[in-house]
Structure formats: C-alpha cells, structure tokens
Amino acid sequence: MMEIREYTEYNEEEILSLYASVGWTAYTDQPDILRKGFENSLLILAAYEGDALQGLIRVVGDGHTIVFIQDILVYPEYHRQGIGSRLLQAVLERYRDVRQIHLATDNTPKTAAFYKSQGFSEMSEVGCLVFTRL
C-alpha cells in the first residue's frame, strides 16, 4: 500500500534516479546543487510502497503567505495511479490557509489538464502576468 510521508533523509542515489527517470537532467547534471535545494526546501513529501520511492513533491516558500510547488515527480511506471494527485492534495491540505500557491510546469495539454483538475488556474485567467528569468 502506498504511503505518503515527509522526506527527511536525503538519499542521493534514489533522488537522482527519480529525476533522471523523468528526464530532468538540469537537476541530475548538478547533484550538489540539487542536494542544497532539498536542504533548503520548506517541505518535501514522498510516496513510498514499502521502501520503494514512487514519487515526491518539493515545496519552497514561507509557508504562510506563499508557497511554490517546485517539483512534483512520479516514476513513469507509476503514472496514472493517483500518486501525483495524492502528493499534491497533501500539500494543498497542509497549506490550506495560504492564499498564494503557485507552480510552473511544462505547457502541454496533459499537464494543463492535470493541474486544472486539481483546482489550479492559469495566471492569465486570474488577471495576473508571470515573469521569469532563467
């Protein structure tokens, strides 16, 4: 049975494997920076089946006025099993009193449909404009 719990002990091998499985090489190419990102995150929740990591969600922010869902990843072989939804809902429940919960994602119909099904809106739909600097 899948269990969601706080991810408190960084395991580089399992984290790099998860990020590599979804092709996020910008992270896996710089493992020391990824580790620092984990160490400075507000919250990390992981989905496990026994001792096997299935996915995780990583949140940054202050936890009171704003949170940003930085990463949400599920091993491809576990897609479409509700793991991402459960991880996301656990974060939304924990921060239910926070007014601003943001995330950025790939602009594909699949990802847009997923986040809209979870209650998110595109910034343009709420009269906002987003800027980024990469």
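The following legends describe close-up views of a predicted model of one protein chain.

**Figure 1. Overall fold of the protein chain.** The predicted chain contains five helices and five strands. Along the sequence, these elements follow the pattern β-α-α-α-β-β-β-α-β-α. The C-alpha atoms occupy a box of roughly 40 × 30 × 30 Å along the principal axes. A compact globule of 134 residues would have a radius of gyration near 14 Å, and the value of 15 Å for the protein chain agrees with this. Of the 134 residues, 34% count as buried. The accessible surface comes to about 8,700 Å², and carbon and sulfur atoms contribute 49% of that area. Among contacts between residues at least 6 apart in sequence, 58% join residues at least 24 apart.

**Figure 2. The five-stranded sheet.** The strands form an open sheet in the order β1-β2-β3-β4-β5, with mixed pairing. Its edges are β1 (2-6) and β5 (100-103), each of which pairs on one side only. From one strand to the next, the twist averages 25°.

**Figure 3. Pairing of β1 with β2.** Strand β1 runs antiparallel to β2 (residues 43-49), and five bridges join the two. Within this pairing, I4 has A47 of β2 as its bridge partner. E6 stands opposite L45, also a residue of β2. Six of the seven residues of β2 are buried, so this strand is largely enclosed by the rest of the structure.

Figure 4. Seven bridges connect β2 and β3, which pair in the antiparallel sense.

Figure 5. Helix α4 (residues 83-94) lies across β1, β2, β3, β4 and β5. Relative to β2, helix α4 runs at about 145°.

**Figure 6. The contact between α1 and α3.** Two packed helices are described by the angle between their axes and the distance between the axes. Helix α1 packs with helix α3 (residues 31-39) at an angle of about 105°, and their axes are 11 Å apart. Angles of 65 to 115 degrees count as roughly perpendicular, and α1 and α3 are therefore roughly perpendicular to each other. On the α1 side, the residues of this contact are E12, I15, L16 and Y19. They meet P31, L34, R35 and F38 of α3.

Figure 7. Residue Q118 is located in the segment after α5 (109-117). Its relative accessibility is 15%. Because buried means under 20% relative accessible area, Q118 counts as buried. Leaving aside residues up to four places away in sequence, Q118 touches S85, L88, Q89 and L92.

Conventions. Residues numbered from 1 in each chain as written. Predicted model: local features only at pLDDT ≥ 70, side-chain atom pairs only at ≥ 80, totals over all residues. Heavy atoms only, no water. Helix = DSSP H or I, 4+ residues; strand = E, 2+ residues; numbered from the N terminus. Buried < 20%, exposed > 50% of the residue type's maximum accessible area, 1.4 Å probe, protein only. Contact = heavy atoms within 4.5 Å. Pairing = 2+ DSSP bridges. Axes fitted to C-alpha atoms, helices over the stretch in contact; angles between N-to-C directions. Rg over C-alpha atoms; globule rule 2.2 N^0.38 Å. Areas by Shrake-Rupley, 256 points an atom, 1.4 Å probe, with all protein chains shown as cover. Parallel < 35°, antiparallel > 145°, perpendicular 65-115°, else oblique.
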